[in-house]
Amino acid sequence: MPNVAVVGSQWGDEGKGKIVDWLSSRADVVVRFQGGHNAGHTLVIDGVIYKLHLLPSGIVRKGKLSIIGNGVVIDPWALMKEIEDVRAKGVEISPANLMVADNASLILPVHGAVDRALEAARGKGQIGTTGRGIGPAYEDKTARRGIRVCDLMHPELLREKVDRLLVHHNALLKGLGAETFGTEQVYDSLMQINGNLLQYAGPVWKRLDEARQKGERVLFEGAQGIMLDVDHGTYPFVTSSNTVAAQAATGAGVGPRSVGYVLGITKAYTTRVGSGPFPSEQNNDVGETLGRIGHEFGTTTGRKRRCGWFDAALVRQTVKISGIDGIALTKLDVLDEFAEIKICTGYKLGDQDIDYLPASQTHQAQVTPVYESFEGWRQSTRGARSWAELPAAAIKYVRRVEELIGAPVALLSTSPERDDTILVRDPFYGT
Ligand code: GDP
Ligand code: IMO
Ligand code: MG
């Protein structure tokens with residue numbers, strides 16, 4: 001199967017955008033299959049920075065079809081604004097290169113309001129969501145009261161659906177002391193945007209079946225990371241979708257065998273935005289230095305990311321859960337200055353040694369990391385484009401990462417720039 005699925009193997013922001021952009025030269029179609037505009041994927045091409053939230057990272061390459069699949073929750077206003085912003089950088093976007101699944105669910109302003117009101121009510125137990133309405137929109141989808149792209153074609157049914165949805169959310173908003181929404185106001189704003197969105201809408205599953213028949217190569221672009229998966233992540237400090245590679249099939253409308261090679265994007269250290277357990281977090285100079293050199297500020301919310309050492313136990317777990325065939329190791333250059341570099345290889349829970357992160361929230365908060373220490377290379381790897389340019393100590397670190405996580409490095413990234421990438425084994429061609 002000539003397809004590739006890209007997923008984040010940690011807590012998001014591993015550099016998926018950069019790698020999807022790099023790989024998209026080999027693909028015909030790029031598909032987002034879950035998440036929404038909580039994602040922030042950064043591409044740097046000849047110094048020009050693109051920050052993409054809903055648009056697949058293939059959009060910047062001419063001649064590629066970008067698809068937003070049914071598994072994505074779409075805020076139509078955010079999408080239209082993003083299309084305008086990216087167009088302003090000279091990228092052509094039209095129904096010729098962008099398709100949106102007609103059965104995808106919508107995020108409405110009420111979802112954002114509920115998301116933020118619930119977070120405020122959680123007090124100290126905040127999840128630290130992006131406040132974009134992702135959770136409430138997925139809840140509506142599962143509860144069967146959601147509004148989908150195709151509903152915009154039918155004004156009467158749409159008004160009924162809006163009304164039903166608001167009965168539910170207004171009761172909650174009222175209880176939380178927040179402002180409620182009126183049916184006419186929500187309906188009118190949807191009717192204003194419907195033509196803009198509907199021009200891109202269609203049966204994505206059908207287009208992907210054509211791709212399969214024609215032998216076109218499809219690149220599935222995951223958002224967030226596997227530790228934020230609603231089933232397999234650090235629940236309840238997770239997002240509201242499945243972020244694992246298996247979701248590429250359901251979230252796009254293809255069979256499981258079409259997912260192809262699973263590439264886990266893996267940062268050479270660890271970061272996390274928002275609350276929740278983070279065993280190898282460094283609340284000290286090391287964390288500050290990683291954040292400063294790695295520019296660890298959220299692409300979507302601008303929040304400072306929490307930083308820590310590479311957690312091999314965690315990635316070993318996500319490699320298995322998501323069926324990762326190989327990784328793209330990113331931001332190795334951020335470790336260049338460190339005299340000592342550590343890798344978390346497992347945990348202690350009381351006096352017990354464990355080699356995985358247990359499911360229990362209480363245990364996740366109690367585990368302490370067990371580290372292996374490495375001598376740093378203290379030499380620049382930034383911008384390296386071949387193995388030969390890497391210092392021996394850096395290669396030793398990479399080899400140990402591969403050994404500990406049980407997956408090989410297929411790609412290695414040494415700066416934000418598209419071409420500062422080392423290809424070890426091609427995920428599309430296997431060479
Ligand atoms: P994503 O959400 O997984 O697409 O990742 P983000 O774009 O949110 O965050 C990754 C950040 O690291 C972006 O600012 C990238 O430009 C940057 N980046 C990606 N790869 C590298 C790399 O190899 N080295 C450095 N220094 N920065 C990188
Ligand atoms: P990309 O695709 C990092 C985190 C939020 C919060 C939790 C739930 O750029 O890697 P949500 O708004 O989804 O309900 O928030 O998930 N989160 C991310 N963290 N990268 C992301 O996306 C994220 N998307 C959501 O910070 O902790
Ligand atoms: Mg990001």
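1. The residues lining the second largest pocket divide into 6 nonpolar, 13 polar and 9 charged, where Ala, Val, Leu, Ile, Met, Phe, Trp, Tyr, Cys and Pro count as nonpolar, Asp, Glu, Lys and Arg as charged, and the others, Gly among them, as polar. A pocket here is an open set of points on a 1 Å grid over the protein atoms alone, where a 1.4 Å probe fits, with protein on both sides within 12 Å along at least five of seven lines, and lining residues have an atom within 4 Å of a point.

2. This is a predicted model, in which local features need pLDDT of at least 70 and side-chain atom pairs count only at pLDDT 80 or more, while totals for chains, interfaces and linings use all residues. Residues are numbered from 1 along each chain as its sequence is written, ligands are numbered from 1 in the order in which they are written, and side-chain values use heavy atoms, with hydrogens and water left out.

3. Thr42, Gly294, Arg305, Lys331 and Pro416 lie nearest the centre of the second largest pocket, among its 28 lining residues, and the space taken by ligand 1 is this pocket, since a molecule sits in a pocket if more than half of its atoms lie within 2 Å of its grid points.

4. A polar side-chain atom of Thr42 is 2.6 Å from an oxygen atom of ligand 1, whereas a side-chain N or O atom of Asp333 lies 2.7 Å from a nitrogen atom of the ligand.  A polar backbone atom of Gly40 is 2.8 Å from an oxygen atom of ligand 1.

How values were computed:
Polar contact = N/O pair within 3.5 Å; in protein donor to acceptor, adjacent residues only side chain to side chain.
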